[in-house]
Amino acid sequence: MDRTAPAAHSRHDELLIARLYGGDVSQRERARAQDQLADCEECAALFADLGAIAQATAAMSVPPRPRDLRLSREDAARLSRKRRVWPAISGAGLRRSFGGSLAALGLVGVVLTGTLSLIGGGSAASGALTTQDRAAANEAGVGYAASLAAPMAASSAAASAAPVASANGSMAAGATVGSSDVAKSSAPASGSSPPSGSSPPEFGAATAAPAGINAENGGGQSKGVPAPQASQGGIDARLAWLIGFGALFVIGLVLVLVPRRFRRRGRGSRT
Amino acid sequence: MDERVADGRVVTEGRAEAQSRSGAPAGGAVDPGQGIDVALVEEALRGQLDAFNQLVVRHQDHLFALVYRLIPDRDGAADAVQEAFFSAYRNLASFRGGSVRGWLCRIAVNAALDMQRSRRRRPSQPYPEFEDESWQPPAEPKAEPETQALAAERSKALARALDELPFEQRNCIVLFDVEGYDYAEIAGIMHVEVGTVKSRIHRGRLTLRRVLAGDRELFRG
């Protein structure tokens, strides 16, 4: 049988020969592969080599097993125990996953709390400025609101507003909203419509703050007293959240980075 | 040539058909000690550690030989097989019948794959035993010295060539050629498509042959 020169083999599909050896060909491919094997020495040699390598892989000698792998009584007792939560977490993969999740949660919390603090602080500051500007405008000649606000100042609502605001400012978000509401609530007080003089102070910072602002407008007390007190409570709460999230972040990092403490005890009886 | 081709197919497909008829799961040949294994599993389930250790003694050499081809050093392979026996002991109740040997092989292969994944981050010296000239692979007692020497050289060359392969190709080739799993079983173990397994095996074999080009005479002898 005349066979093609080795140079012609470069045009042949070697993968087809490998697939033929693995029994992974269709009828048409089988016929084409067998033609190749019949016509090309290199393809025939390839097919023979694949067989020889597969046989050698199956017969590959293996060095002696380094130890006996029977289980000791201690191994059996350890494996029979119910797995507790912490040892499960202390396993390398789970521990890292858990630690990574904690760290991510902590980091997100720190960033969110910090961002909210910045935004809330900015709003409160801008609200205070707006209030001061409006108060200045009132002093300059908007007499209607000032004249209505004066009796409210006499009721010493400003003094009671701060504790209520502080008490209601236990949540950071609530304190932030309360601070920004100061500006919103102060608008009607200094606007053309008369404020409701019966606003109950127990509604908290949002309600109490306008009273304080009105008091400062009419009563001549120091400006911005209630707002800083309300935001002080908010800052404390935010600080607590920041510390909490920071602690989560640190604990997560420790779980991820600190070397594994709980190694498996024993590897069975060794000989 | 037709016969050789036909042999290749018969070996692959015939094995799968025989397994499906007998109900024997993966692992190729029907295990003659199956009855003993099942009895030992039942005893171990009743808390008999000695029964489980008899299972270990019966299968530890086979599992070590299998895993050693996947984990390129003795201690690592022994650790993987030890982990497999731990896992088998923990999950004895999940054994659903069939071939105990096939069940243990699957657990061992999974343990080896886990170890490979962890070692990918910390590569180590592959097959250190083959670099140690003082160690010689065991040979058949009645083999001629020349045959023994040839087998040793062949194993060394093959070990080096296997180490050149990507993990995925090496695993598939070992499971197919050594353990006798078929394509679908390997796909199940490796959690990939059957086509992927076929591609890895065919391409891996071509790569092996290319790597072994300098030692080709060892395999043609």
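I began with contacts in chain B that have a separation of 6 or more. Residues 24 or more positions apart account for 68% of them. I was working on a predicted model.

Next I looked up the secondary structure of chain B. I found eleven helices and zero strands. Read from the N terminus, the order is α-α-α-α-α-α-α-α-α-α-α.

Then I checked burial. Chain B has 221 residues, and 39% of them are buried.

**The largest nonpolar core**

Which residues touch the most other members of the largest nonpolar core? I listed Leu63(B), Val67(B), Ala80(B), Val81(B), Ala84(B), Ala108(B) and Ala112(B), out of 42 residues in this core. I then noted the elements that give two or more residues to this core: α2 (34-45), α3 (49-68), α4 (74-90), α5 (100-120), α8 (167-178), α9 (183-190) and α10 (194-211) of chain B. The largest share comes from α5(B), with nine residues.

**One residue: Ala84(B)**

I located Ala84(B) in helix α4 of chain B. Is Ala84(B) buried or exposed? I counted 26 C-beta neighbours inside 10 Å. The cut-off for buried is 20 or more, so Ala84(B) counts as buried.

What does Ala84(B) touch, leaving aside neighbours within four places in sequence? I wrote down Leu63(B), Leu104(B), Ile107(B), Ala108(B) and Ala111(B). Of these, Leu63(B) and Ala108(B) also stand in my list of core residues that touch the most other members.

Ala84(B) and Arg106(B) are 22 residues apart along the chain, and their C-alpha atoms are separated by 9.0 Å.

**Chain A against chain B**

Last, I turned to the contact between the chains. Chain A puts in 37 residues and chain B puts in 48 residues. On the chain A side, the elements that give two or more residues are α2 (14-21), α3 (27-39), α4 (41-58) and α5 (73-80). The most comes from α4(A), with nine residues. I sorted this side of chain A by class and got 21 nonpolar, six polar and ten charged residues.

Definitions and conventions: Residues are numbered from 1 along each chain as its sequence is written. Chains are lettered from A and ligands numbered from 1 in the order in which they are written. This is a predicted model: local features need pLDDT of at least 70, side-chain atom pairs count only at pLDDT 80 or more; totals for chains, interfaces and linings use all residues. Two residues are in contact if their C-beta atoms, placed from the backbone, lie within 7 Å. Helices (H or I, at least four residues) and strands (E, at least two) are DSSP runs, numbered from the N terminus. Ala, Val, Leu, Ile, Met, Phe, Trp, Tyr, Cys and Pro count as nonpolar, Asp, Glu, Lys and Arg as charged, and the others, Gly among them, as polar. A residue is buried if 20 or more other C-beta atoms lie within 10 Å of its own, exposed if 12 or fewer, and partly exposed in between; C-beta atoms are placed from the backbone. A nonpolar core is a set of buried Ala, Val, Leu, Ile, Met, Phe, Trp, Tyr and Cys residues joined through C-beta atoms within 7 Å.
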